[in-house]
Amino acid sequence: FQQLGIWRGTGIRKEKAQKVKKAGEQVNQFEKRRKQRLFAPFRYPIQKGVCSLEQEKISRKGFHAFIVLTAAALLAADQVTKYFVLQYLKPIGAIPVIPGFLEFSYTENTGAAFGLFKGHIWFVVLVTLVASAVIIVLLFRYRNHSFFSYATSALNLAGGFGNLVDRFLYGYVVDFIHVLFFDYIFNFADCCITVSAVLFVIHVLFCTREEKKEMGKTHGDQA
């Protein structure tokens with residue numbers, strides 16, 4: 001009986017240990033899946049270019065809100081810089097920042113980014129509104145986002161709306177950043193638009209290439 005009690009006690013301990021181990025494994029798997037869902041949009045490429053539909057539904061909702069908030073923060077930063085330019089730089093005209101390289105020079109731009117299409121403000125407004133609408137639609141409907149496409153959306157929305165606000169408020173865009181070896185004077189919103197263009201090219205060249213490879217493999221397996 002004593003030996004039977006020892007065996008039974010040992011069996012109970014083993015059973016408890018197995019339950020604890022199994023519970024720990026379940027917690028680890030849950031945590032792993034949670035991190036995968038959380039960071040899926042920032043993978044490069046995302047799961048070799050393709051997200052599963054289940055992960056997209058979970059992760060995309062949060063990141064859509066995050067991108068909109070990021071765009072709003074960048075837009076606010078653009079408008080704050082322009083407020084100080086109008087208050088303090090406009091009466092002066094220009095101040096050197098890095099002699100021979102960079103200066104802040106107040107300019108009223110009636111065209112698009114970097115002074116393009118001057119005098120055609122309503123054409124620029126229309127193009128900006130159409131481009132912003134397209135970006136918003138793609139942000140919510142595009143199925144294979146990467147970090148670069150999300151960043152492109154946030155930067156482009158911030159830059160487009162930043163200059164659009166100027167056109168509605170003043171009838172022109174406030175430009176002030178002048179790199180002396182560069183002919184054009186620009187602003188923070190223009191920087192956002194330029195960086196977004198670079199990130200978009202990176203997404204197209206690399207992320208969509210991986211996506212096409214993965215889709216080709218999928219079609220080959222199905223055949």
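Before I look at the sheet: two strands pair if DSSP finds at least two bridges between them. Helices (H or I, at least four residues) and strands (E, at least two) are DSSP runs, numbered from the N terminus.

A note on the source: this is a predicted model, where local features need pLDDT of at least 70, side-chain atom pairs count only at pLDDT 80 or more, and totals for chains, interfaces and linings use all residues. Residues are numbered from 1 along each chain as its sequence is written, and side-chain values use heavy atoms, with hydrogens and water left out.

**Entry 1: overview**

I looked up the elements and got five helices and three strands in the protein chain. Starting at the N terminus, they come in the order α-α-β-β-α-α-β-α. Next I checked burial (buried means under 20% relative accessible area, exposed over 50%, partly exposed in between, with a 1.4 Å probe and protein chains only). Of the 223 residues in the protein chain, 33% are buried.

Then contacts, meaning heavy atoms within 4.5 Å. Taking contacts between residues at least 6 apart in sequence, 68% join residues at least 24 apart.

**Entry 2: the sheet**

In what order do the three strands lie in the sheet? I read β1-β2-β3, an open sheet with antiparallel pairing. β1 (94-98) and β3 (173-179) are the edges with a single partner strand each, so one side of each has no neighbour in the sheet.

I took the pairs one by one. β1 and β2 run antiparallel and are joined by four bridges; I98 has L102 in β2 as its bridge partner. The hairpin of β1 and β2 has three residues between the strands, and there G100 takes a positive phi near 80 degrees.

β2 (residues 102-109) pairs with β3 over six bridges, again in the antiparallel sense. I noted two positions: E103 has H178 in β3 as its bridge partner, and N109 stands opposite V173 in β3.

Is β3 enclosed or left open? Seven of its seven residues are buried, so β3 is largely enclosed by the rest of the structure.

**Entry 3: the core**

A nonpolar core is a set of buried Ala, Val, Leu, Ile, Met, Phe, Trp, Tyr and Cys residues joined through side-chain atoms within 4.5 Å. The largest one here has eleven residues, including V85, L89, L102, Y106, V174 and F186. α2 (53-89), β2 and β3 are the elements that give two or more residues to this core. β3 supplies the largest share, four residues.

I followed up on L102. Leaving out residues up to four places away in sequence, L102 touches P96, V97, I177, H178, V179 and L180.

**Entry 4: charged pairs**

A salt bridge is a side-chain nitrogen of Lys or Arg within 4 Å of a carboxyl oxygen of Asp or Glu. I found two in the structure.

K82 makes one with D78, with the closest N and O atoms 2.9 Å apart. Both lie in helix α2, four residues apart, about one turn of the helix.

Shared partners join D78, K82 and D166 into one network.
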